[in-house]
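Have the sequence and model open alongside.

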Amino acid sequence: MLSRAVLLSAAKKPAALVLARGAASQPERPKRPEHGGKVRLGFLPEEWFTFFYNKTGVTGPYVFGAGLMTYLCSKEIYIMEHEYYNGLSLAIMVVYAVKKFGPSLAGYLDKEVDKIEDEWKESRENNIQQLTQAIEDEKKEQWRAEGQTMLMQAKKENVALQLEAAYRERAMNAYQEVKKRLDYQVERQNVDRRISQKHMVDWIVNSVVKSITPDQEKENLNKCIADLGALAARSK
């Protein structure tokens, strides 16, 4: 428990930064086991004992350890001077402290570890939500961009229709102006023709009138009176 808490506390800041930067993009790593391997006597690994089982049995490791300590002490390889008793006293104090305060300290550190893990998990979920929202916003912006493309196409078509309407209006104006000029020329020719005809008729009439003498006029008048008398006699 203590080693686990120390490792997690030491790696809190850099791990939090790494998690904040790439939690959503990197695959989730497998979790480490919360507890280490089994030990005996507080510090000896279980594998050291199981190594002797096949050859010496269950008591073999203890006999080997006791014999080794007896050999070291009897040959004065390991000398029991005052530091040994100081170390023994310190070991007894450490064991007592671990037995007395270990469970409460371990519970406190486990709570801190769980708190750190919850903060990491919350940060990771927040990053995932932010990235998910960013993806949704990006999709919405792409949809809006497509709408802008359609709008630009509609504007282009509208401009093309306006240009076509302006072209047709100018073509109609040109047609009307040309028609007005042609109608003016036709009317001018008709007026010239009527004036020429009027002048010709007046000239002919004047010429005929001038060519008639007073005697011819008198004869014609008498003939007209005689014709009128004949017509009146017939009508009776």
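## The annotated stretch

Residues 121–148 are 100% helix and 0% strand, with the end C-alpha atoms 40 Å apart. UniProt, in an unreviewed entry, places a "coiled-coil region" at residues 121–148. Such annotations may be inferred rather than shown by experiment.

This is a predicted model, in which local features need pLDDT of at least 70 and side-chain atom pairs pLDDT 80 or more, while totals for chains, interfaces and linings use all residues. Numbering runs from 1 along each chain as its sequence is written, and side-chain values use heavy atoms, without hydrogens or water.

## α3 against α4

Helices are DSSP runs (H or I, at least four residues), numbered from the N terminus. α3 and α4 pack at about 105 degrees, their axes 8 Å apart. Axes are lines fitted to C-alpha atoms over the stretch in contact, and angles run from 0 to 180 degrees between N-to-C directions. The two helices, α3 and α4, are therefore roughly perpendicular (65 to 115 degrees).

On the α3 side, F49, F52, Y53 and T56 make the contact; G60, P61, Y62 and F64 answer from α4 (heavy atoms within 4.5 Å). Six of the contact residues are nonpolar, two polar and none charged.

## The second largest pocket

The second largest pocket has a volume of about 700 Å³. A pocket is an open set of points on a 1 Å grid, probed at 1.4 Å, with protein on both sides within 12 Å along at least five of seven lines; lining residues have an atom within 4 Å of a point. The volume is the space filled by probe spheres set on the points.

Of its 21 lining residues, L41, F43, L44, F49 and M69 are closest to the centre. α3 (46–56), α4 (60–74) and α5 (82–211) each supply at least two. α5 gives the largest share, eight residues. By class, the lining has 18 nonpolar, two polar and one charged residues. Tyr and Pro count as nonpolar, and Gly as polar.

Conventions
Angles under 35 degrees count as roughly parallel, over 145 as roughly antiparallel, 65 to 115 as roughly perpendicular and the rest as oblique.
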